[in-house]
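Hi everyone, thanks for coming. Let me put the structure up on the screen, and then we can walk through it together.

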Amino acid sequence: MKKTMKKMYIVMLISVIGITGLFTFTPSASAASGCSDTSTGSEFQRTFKVCGKDSGSDVVGTITLSGYQSIDKTYWKMDLQRSVNGSYTTIGTRTGYIDFGSPSSRTFTGVAEKNAKTRIKVTFYTSSSYSTVSGTVYSGYWYR
């Protein structure tokens with residue numbers, strides 16, 4: 001009887017380890033992304049959604065706008081950032097604007113995978129001179 005119980009215990013242990021292995025997830029570069037909805041300020045009455053998403057060796061940053069719509073363009077600077085020794089460092093920058101009813105996106109090409117926290121930082125400006133900041137929004141982070 002002892003041998004049978006021991007064999008059953010071993011079979012159950014192996015089964016548990018096997019099933020646990022099936023449900024253990026690791027971050028996948030192609031499926032990773034980070035999004036965040038954050039308002040840039042009550043004076044604009046708008047909410048900007050900033051997302052970062054891996055696409056092979058590239059990272060795509062996307063900005064969408066909801067809430068109060070205006071005819072004016074909102075200018076932005078998008079920084080791709082990676083956590084290095086506990087603080088974020090900018091590894092790429094793009095600029096552009098978001099317009100009424102039109103999302104905006106940019107691609108950062110050939111971004112190395114270092115299994116580090118990665119995020120998108122978007123700084124909004126009041127004009128195309130990029131001199132007066134009107135707000136900042138961060139995507140959620142993901143590992144790349």
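Predicted model: local features only at pLDDT ≥ 70, side-chain atom pairs only at ≥ 80, totals over all residues.

The mean pLDDT of this chain is 76, and 66% of its residues reach 70 or more; pLDDT is the predictor's confidence in each residue, from 0 to 100. Over residues 15–31 the pLDDT is below 50, and beyond near neighbours in sequence this stretch has four contacts in the model, a contact being heavy atoms within 4.5 Å. Residues are numbered from 1 along each chain as its sequence is written, and side-chain values use heavy atoms, with hydrogens and water left out.

Now, how many disulfides does a search of the whole structure find? The search finds one, counting a pair of cysteine sulfur atoms within 2.5 Å as a disulfide. It joins Cys 35 to Cys 51, with an S to S distance of 2.3 Å. Cys 35 lies in strand S1 (residues 33–39) and Cys 51 in strand S2 (residues 46–55), so the bond ties together parts that are 16 residues apart in sequence. Strands here are DSSP runs (E, at least two residues), numbered from the N terminus. The torsion about the S-S bond is about 120°, so this disulfide is right-handed. Cys 35 is partly exposed at 42% relative accessible area, whereas Cys 51 is buried at 16%; buried means under 20%, exposed over 50%, and partly exposed in between, with a 1.4 Å probe and protein chains only.

On to the inside. The largest nonpolar core has 15 residues, and Ile 63, Ile 120 and Val 122 have the most contacts inside it. S2, S3 (58–67), S4 (74–84) and S7 (117–125) each supply at least two of its residues. Such a core is a set of buried Ala, Val, Leu, Ile, Met, Phe, Trp, Tyr and Cys residues joined through side-chain atoms within 4.5 Å.

Please also look at Thr 118, in strand S7. Thr 118 is buried, at 1% relative accessibility, and its side chain reaches the backbone oxygen of Ala 116 at 3.1 Å. Leaving aside neighbours within four places in sequence, its contacts include Leu 80, Tyr 141 and Trp 142.

Finally, S4 and S5 (residues 87–98) run antiparallel, joined by 11 bridges. Asp 79 has Thr 93 in S5 as its bridge partner. In their hairpin, with two residues between the strands, Asn 85 takes a positive phi near 55°.

Notes:
Helix = DSSP H or I, 4+ residues; strand = E, 2+ residues; numbered from the N terminus. Polar contact = N/O pair within 3.5 Å; in protein donor to acceptor, adjacent residues only side chain to side chain. Pairing = 2+ DSSP bridges.
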